[in-house]
Amino acid sequence: MGRVYNFSAGPAVLPEEVLKEAADEMLDYQGSGMSVMEMSHRSKVYDDIIKTAEKDLRDLMNIPDNYKVLFLQGGASQQFAMIPMNLMKNKVADYIITGQWAKKAWKEASKYGQANAIASSEDKTFSYIPDCSDLPIDDNADYVYICENNTIYGTKYKTLPNTKGKTLVADVSSCFLSEPVDVSKYGVIYGGVQKNIGPAGVVIVIIREDLITEDVLPGTPTMLTYKTHSDADSLYNTPPAYGIYICGKVFKWLKKMGGLEVMKQRNEEKAKILYDFLDQSKLFKGTVVKEDRSLMNVPFVTGDADLDAKFVKEAKEAGLENLKGHRSVGGMRASIYNAMPKEGVIALVEFMKKFEAENLK
Ligand SMILES: *Cc1c(COP(=O)(O)O)cnc(C)c1O
């Protein structure tokens with residue numbers, strides 16, 4: 001059986017080239033006589049892998065020298081705790097609630113201090129991004145927290161919130177490396193890599209150096225202290241070594257493709273094909289307000305749960321996989337990350353046209 005077009009929200013599609021290279025190197029990584037899975041993370045060979053990965057990521061994102069790049073574990077969800085434990089010096093933080101992941105982060109932060117929900121789009125099932133130009137930022141807030149691309153609901157911040165001088169912390173799990181970013185606008189950018197970069201098990205944290213201190217909340221475990229990992233260049237303990245190696249290959253692939261400016265153009269082009277179809281369809285409808293649409297996650301519905309289920313089933317039979325929407329939105333969701341080729345989106349739209357012709361009453 002061949003490969004399908006995989007529209008999964010995560011773990012998600014990876015570039016075929018990267019998978020093939022990894023397969024070629026599986027038994028013998030560049031003459032080392034062993035797999036990357038089998039080698040010491042303290043070896044010269046591995047040191048080169050992790051250092052090169054970091055350098056390529058720095059090149060791709062133009063990461064300033066006063067930011068550290070950390071390769072950690074525990075998923076994006078572990079950062080929900082790690083961020084307040086390390087950053088809540090005044091025990092106050094402001095959260096903008098644009099979906100389940102932001103809400104979970106906010107709830108977790110409430111365990112450690114006063115976490116203010118300063119804006120929310122829950123009133124309309126998180127189908128838009130609230131106006132963040134003049135929010136009631138707390139004078140004592142240690143940071144302002146956002147989830148920049150909302151994987152489940154398909155919204156994305158097109159402009160960053162006005163934090164009134166406070167440190168911005170962003171979960172970018174599902175838009176990581178999808179377009180250029182100005183890292184200097186953030187205190188912390190982090191994400192689990194299994195959406196747009198690599199295999200589950202790695203979380204990348206890009207953090208401004210002045211935010212890395214020993215002055216963390218009492219009782220913070222060594223492993224949950226940024227300084228531990230920063231001081232050890234992400235090798236305090238055994239890192240998710242194989243996952244980092246694959247991420248490194250994806251960084252190389254992105255560089256070869258032309259970098260993040262080119263990825264942005266490609267992603268805009270792909271998303272436009274799908275959104276343009278949705279906007280004229282008589283059967284399918286996008287669930288997000290136009291201004292806030294994500295380039296990565298595209299939820300849509302027919303308005304009839306049985307018909308949605310039929311669509312998902314028949315799409316799968318046609319080699320278009322994992323189109324079922326998140327249970328909280330229903331309907332469908334097509335995740336069209338960096339590694340989804342344009343041909344995949346075209347195939348999806350062709351299938352939707354056919355389904356519409358067959359099922360429109
Ligand atoms: C998937 C996802 C998470 C959760 O990631 P885990 O690695 O499973 O903890 C958090 N935030 C966003 C935006 C996500 O898409």
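Lysine 91 is found in the loop between H3 and S3, where helices (H or I, at least four residues) and strands (E, at least two) are DSSP runs numbered from the N terminus. Its phi is near 60 degrees, a positive value in a residue other than glycine. This is a predicted model, in which local features need pLDDT of at least 70, side-chain atom pairs count only at pLDDT 80 or more, and totals for chains, interfaces and linings use all residues. Residues are numbered from 1 along each chain as its sequence is written, and side-chain values use heavy atoms, with hydrogens and water left out.

A cis peptide bond links glycine 10 to proline 11, with omega near -15 degrees. Proline 11 belongs to the loop between strand S1 (5–6) and helix H1 (16–24).

## The seven-stranded sheet

Seven strands form an open sheet with mixed pairing, in the order S2-S10-S9-S8-S5-S3-S4; two strands pair if DSSP finds at least two bridges between them. Strand S2 (67–72) and strand S4 (114–120) are the edge strands, each pairing on one side only. On average, neighbouring strands of this sheet are turned by 20 degrees against each other, direction ignored. Strand S3 (residues 92–97) pairs with S4 in the parallel sense over six bridges, and isoleucine 97 stands opposite serine 120 in S4.

Helix H2 (residues 44–61) lies across S2, strand S9 (188–192) and strand S10 (203–208), at about 130 degrees to S2. H3 lies across S2, S3, strand S5 (144–147), strand S8 (168–171), S9 and S10, and runs at about 155 degrees to S9. Contact here means heavy atoms within 4.5 Å. Axes are lines fitted to C-alpha atoms, for helices over the stretch in contact, and angles run from 0 to 180 degrees between N-to-C directions.

## The three-stranded sheet

An open antiparallel sheet has three strands in the order S11-S12-S14. Strand S11 (285–286) and strand S14 (332–335) each have a single partner strand, so one side of each is left without a neighbour in the sheet. Strand S12 (residues 297–301) is joined to S14 by four bridges, and the two run antiparallel. The bridge partner of phenylalanine 300 is methionine 332 in S14. Helix H7 (residues 260–280) packs on this sheet and touches S11, S12 and S14, its direction making about 20 degrees with that of S12.

## The ligand shell

Around the ligand are Gly75, Ala76, Ser77, Phe80, Trp101, Cys147, Asn149, Thr151, Asp171, Ser173, Gln194 and Lys195, a residue being near if one of its heavy atoms lies within 4 Å. Helix H3 (residues 75–87) gives the largest share of this shell, four residues. The shell divides into four nonpolar, six polar and two charged residues. Ala, Val, Leu, Ile, Met, Phe, Trp, Tyr, Cys and Pro count as nonpolar, Asp, Glu, Lys and Arg as charged, and the others, Gly among them, as polar.

A ligand oxygen atom is 3.0 Å from a polar backbone atom of alanine 76. In the side chain of threonine 151, an N or O atom is 2.4 Å from an oxygen atom of the ligand. For aspartate 171, a side-chain N or O atom is 2.6 Å from a nitrogen atom of the ligand. The protein covers 86% of the 390 Å² of accessible area that the ligand has on its own, by the Shrake-Rupley method with a 1.4 Å probe.

Key
A polar contact is a pair of N or O atoms within 3.5 Å; within protein, one must be able to donate a hydrogen and the other to accept it, and residues adjacent in sequence count only if both atoms are side-chain atoms.
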